[in-house]
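Biologist: I would like to learn how to read contacts between side chains. Please take the features in turn.

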Amino acid sequence: VLVPLGARLDSVWFVLDGAVVDHTADGAALAQMGSGEIVGEMSLVDPAPAAVSVRVANDATFLRIPNEKVRAKLASDPPFAARFY
């Protein structure tokens, strides 16, 4: 489990390789995300607990960046922020 249901996130994860699946509280699969997708980006704008769990579907590689570093980059680099959002 990459993101437990109800967790408060302090980072975003970029999926570099592999796949993850979002699951509802009752365990139903919602969506699969793969290479190039971002997990936890809502934590940048909404500190609420995670509404879904995110589970690794197969071997995967991630780049984890703490929210404070992402926020600093967004604040200091408007072109980057425009592409990110």
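This is a predicted model: local features need pLDDT of at least 70, side-chain atom pairs count only at pLDDT 80 or more; totals for chains, interfaces and linings use all residues.

Modeller: Residues are numbered from 1 along each chain as its sequence is written, and side-chain values use heavy atoms, with hydrogens and water left out.

Biologist: How many salt bridges does the structure hold?

Modeller: A salt bridge is a side-chain nitrogen of Lys or Arg within 4 Å of a carboxyl oxygen of Asp or Glu. The structure holds two. In one of them, Arg64 pairs with Asp10, with the closest N and O atoms 3.8 Å apart. This pair links distant parts of the chain, 54 residues apart: Arg64 is in strand E6 (residues 61-66) and Asp10 in the segment before strand E1 (11-17). Strands are DSSP runs of E, at least two residues; helices are runs of H or I, at least four.

Biologist: Which residue does Lys73 meet in a salt bridge?

Modeller: Its partner is Asp77, at 2.9 Å from N to O.

Biologist: Over which ring does the charged end of Lys73 sit?

Modeller: A charge sits over a ring if NZ of Lys or CZ of Arg is within 6 Å of the ring centre and within 35 degrees of the ring normal. For Lys73 the ring is that of Phe80, with its centre 5.6 Å away.

Biologist: Is Tyr85 buried or exposed?

Modeller: Buried means under 20% relative accessible area, exposed over 50%, and partly exposed in between (1.4 Å probe, protein chains only). Tyr85 is exposed, at 62%.
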